[in-house]
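Please consult the sequence and structure alongside the text.

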Amino acid sequence: MTAVYAFGSNGNGQLGIGHTDDVAIPTPCIGLPLDDPIIKIVGGGNHAAALTQSGRVYMAGHWGINQKSSIFFEPPALRGRVWHDVACGWSFTILAERVTGHVFGLGTAKSGEFGGNHRNYGSQSDDSLVHIHVDAPIRVVACGWRHVVGLADDGSVYGWGWNKHGQLGSVKECDNSGSNSSSRSQKSFIQPPLLMSCPKPIVQVACGHVFTIALATDGSVYGFGSNKYGQLQTGDPDGCLITNATSIAAGWHHAAAAIACPNSSSSSSSRKHLRLWGRDDHGQLAGQGIRAESFVCGSEHMLVLVEGQVLAWGWNEHGNCTTHQKSAHEPQKVLLSDSRPVTIIGAGCATSWIGVASLRS
């Protein structure tokens, strides 16, 4: 029911198109089911994951220590479970189970991404799942470079992994007596899953490279972590970055939010204008104010759906914005050979995906 096209960085086959060459033209993905709609597709450093409506997860690229594929397939370790959400970090994947809310990790974890602390930070896996113990059932997960946040049904947020910049809330160095300064700079900031202090119940979370943003029930957006490029906006004492937001996303060093359009005469509740902030060295903020139906942040680029048309801008060295420029400083129309309605967009590290409604058999 969903035909998916990919473009961008593909050195490890992460686009899932059957080879390992970068492409600047949307190219059909191979291996995804046509009878089970794709509801989410995300990319990590060199891998990708796609979640179906029925709760199955398909992967492509270099997703485990010895696991690599240039087409999408369902890893044996993920079969037999019904998944509710999936997110990709740099070299790892985090999954939340639909019924239980249990959280699992897959891939390579070097900084506690699988729930370890400073005494057990180097855990790794390949094609096996690692159960991550969290004190509440988790429904939504998000990953940064080496940190993870999970959202529970009651609006509470849990964070684990690397926290040197406060991306998981208050920076608390673990007791790492006897370690040298170089070791402390890495190990002592690794934390197991802990409840993050959020001023209000949260409905959505997103992770950048070393920062986190969270959308509250009242439309307020809160930020944690590095503000080197203005990712946390003005540094409001209560942590509130913006208000009246309806959804959020984060790239490595930039972030985006949909802001409700007041007094809109449109019958569509999906018409929002886009607010962008953070680093802009590759034109990541070029689409400021665009009225978007949906949007995603790649590492340093954007994909936005506007009236059925996908626009892309930002870093384009690998063709992930479909132009031949190194960076697209203005929104570019992504031309698809397929005229069917776009149902989903996804992005990762210089990677882009577009899904269209396929014909029923």
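1. The model is predicted. Its secondary structure consists of 1 helix and 28 strands. The protein has 361 residues, of which 58% count as buried.

2. Contacts between residues at least 6 apart in sequence were examined for their span; 51% of them join residues at least 24 apart. The accessible surface comes to about 14,700 Å², and carbon and sulfur atoms account for 48% of that area.

3. The largest pocket has a volume of about 1,000 Å³. Of its 48 lining residues, Lys40, Val42, Ala249, Val296 and Cys297 are the closest to the centre. By class, the lining divides into 27 nonpolar, 17 polar and 4 charged residues.

4. At least two residues each are supplied by strand 3 (38-43), strand 7 (83-88), strand 11 (138-143), strand 15 (202-207), strand 19 (245-250), strand 23 (294-297) and strand 27 (342-347).

5. The largest nonpolar core comprises 47 residues, and Phe72, Met302, Val304, Trp313 and Trp353 have the most contacts inside it. A second, separate core of 17 residues includes Phe92, Ala136, Val141 and Ala152.

6. Leaving aside residues up to four places away in sequence, Met302 touches His254, Ala256, Leu274, Leu276, Gln284, Phe295, Val296, Cys297, Leu311, Ala312 and Trp313.

Note on methods. Residues numbered from 1 in each chain as written. Predicted model: local features only at pLDDT ≥ 70, side-chain atom pairs only at ≥ 80, totals over all residues. Heavy atoms only, no water. Core = buried A, V, L, I, M, F, W, Y, C linked by side-chain atoms within 4.5 Å. Buried < 20%, exposed > 50% of the residue type's maximum accessible area, 1.4 Å probe, protein only. Contact = heavy atoms within 4.5 Å. 1 Å grid on protein atoms, 1.4 Å probe; cavity = no way out; pocket = protein on both sides within 12 Å on 5 of 7 lines; lining within 4 Å. Points joined across faces, edges and corners; volume = space filled by probe spheres on them. Helix = DSSP H or I, 4+ residues; strand = E, 2+ residues; numbered from the N terminus. Nonpolar A, V, L, I, M, F, W, Y, C, P; charged D, E, K, R; others polar. Areas by Shrake-Rupley, 256 points an atom, 1.4 Å probe, with all protein chains shown as cover.
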